[in-house]
Amino acid sequence: AVVSTQSTGDSFKKMVPQTASVIRAGKRSQVDAETLTLGDLIEVKGGDKLPADIRIVSCSSFKVDNSSLTGESEPQSRGKECTDDNPIETKNLAFFSTNAVEGTARAIVISCGDNTVMGRIAS
């Protein structure tokens with residue numbers, strides 16, 4: 001089967017959440033997820049699709065569904081402590097296009113778009 005790069009790019013775009021809750025200059029606002037930049041502070045909650053690869057700085061009962069990346073079917077707890085040298089295994093990172101299933105988190109954007117873990121897999 002031949003897959004055109006056009007359809008791959010289009011399906012990748014569908015994985016991108018439409019908006020993100022970002023805190024810039026102390027003010028919370030909803031922005032187009034595509035406008036997020038490295039270092040942005042964002043807030044995510046259960047039900048959100050993650051708009052970028054993020055490093056968690058604070059959270060409450062935060063769990064993510066990493067099944068699209070790792071195949072793990074159980075939601076994975078996340079926290080602010082680095083627990084593993086492997087980025088996929090550590091508890092303080094969460095990844096673009098995975099789903100937050102419960103809780104809330106504040107996090108720093110560490111990768112966007114094609115530079116995310118999922119973006120590198122898709123390209």
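**Notebook: pocket, strands and selected residues**

I looked up the lining of the largest pocket first: the residues divide into six nonpolar, five polar and five charged. I counted Ala, Val, Leu, Ile, Met, Phe, Trp, Tyr, Cys and Pro as nonpolar, Asp, Glu, Lys and Arg as charged, and the others, Gly among them, as polar. The model is predicted, so to speak of local features I required pLDDT of at least 70, and of side-chain atom pairs pLDDT 80 or more, whereas totals for chains, interfaces and linings use all residues. Residues are numbered from 1 along each chain as its sequence is written, and side-chain values use heavy atoms, without hydrogens and water.

**Pocket**

I recorded a volume of about 220 Å³ for the largest pocket. Among its 16 lining residues, Ser 21, Glu 43, Val 44, Lys 45 and Asp 48 are the closest to the centre. A pocket here is an open set of points on a 1 Å grid over the protein atoms alone, where a 1.4 Å probe fits, with protein on both sides within 12 Å along at least five of seven lines; lining residues have an atom within 4 Å of a point. The volume is the space filled by probe spheres set on the points.

I then assigned the lining to strands. At least two lining residues come from each of β1 (19-24), β3 (41-45), β4 (53-65) and β7 (99-111). Strand β3 gives the largest share, with four residues.

I followed Glu 43, which is found in β3. Its side chain is joined to that of Arg 28 by a polar contact of 2.6 Å (N or O atoms within 3.5 Å, one able to donate a hydrogen and the other to accept it). Leaving out residues up to four places away in sequence, Glu 43 touches Ser 21, Ile 23, Arg 28, Asp 48, Ala 105 and Arg 106 (heavy atoms within 4.5 Å).

**Chain**

I noted three helices and seven strands, in the order α-β-β-β-β-α-β-β-β-α along the sequence. These are DSSP runs: H or I of at least four residues, or E of at least two. Of the 123 residues in the chain, 35% are buried (under 20% relative accessible area; exposed is over 50%, partly exposed in between; 1.4 Å probe, protein chains only). Among contacts with a separation of 6 or more, 59% join residues 24 or more positions apart.

I placed Met 118 in helix α3 (residues 117-122). Met 118 counts as buried because its relative accessibility is 8%.

Ser 68 belongs to helix α2 (residues 67-70) and is partly exposed, at 48% relative accessibility. Beyond four places in sequence, Ser 68 touches Thr 98 and Met 118. Ser 68 and Thr 98 are 30 residues apart along the chain, and their C-alpha atoms are separated by 6.8 Å.

**Positive phi**

Most residues other than glycine have a negative phi. I found a positive phi of about 55° at Ala 25, which is not a glycine, and one near 75° at Ser 97. Ala 25 lies in the loop between β1 and β2 (27-32) and is exposed, with 82% relative accessible area. Ser 97 lies in the loop between β6 (93-94) and β7 and is buried, at 7%.

**Cysteines**

I counted zero disulfides (a pair of cysteine sulfur atoms within 2.5 Å). Cys 59 is partly exposed at 33% relative accessibility, while Cys 82 is exposed at 54%.
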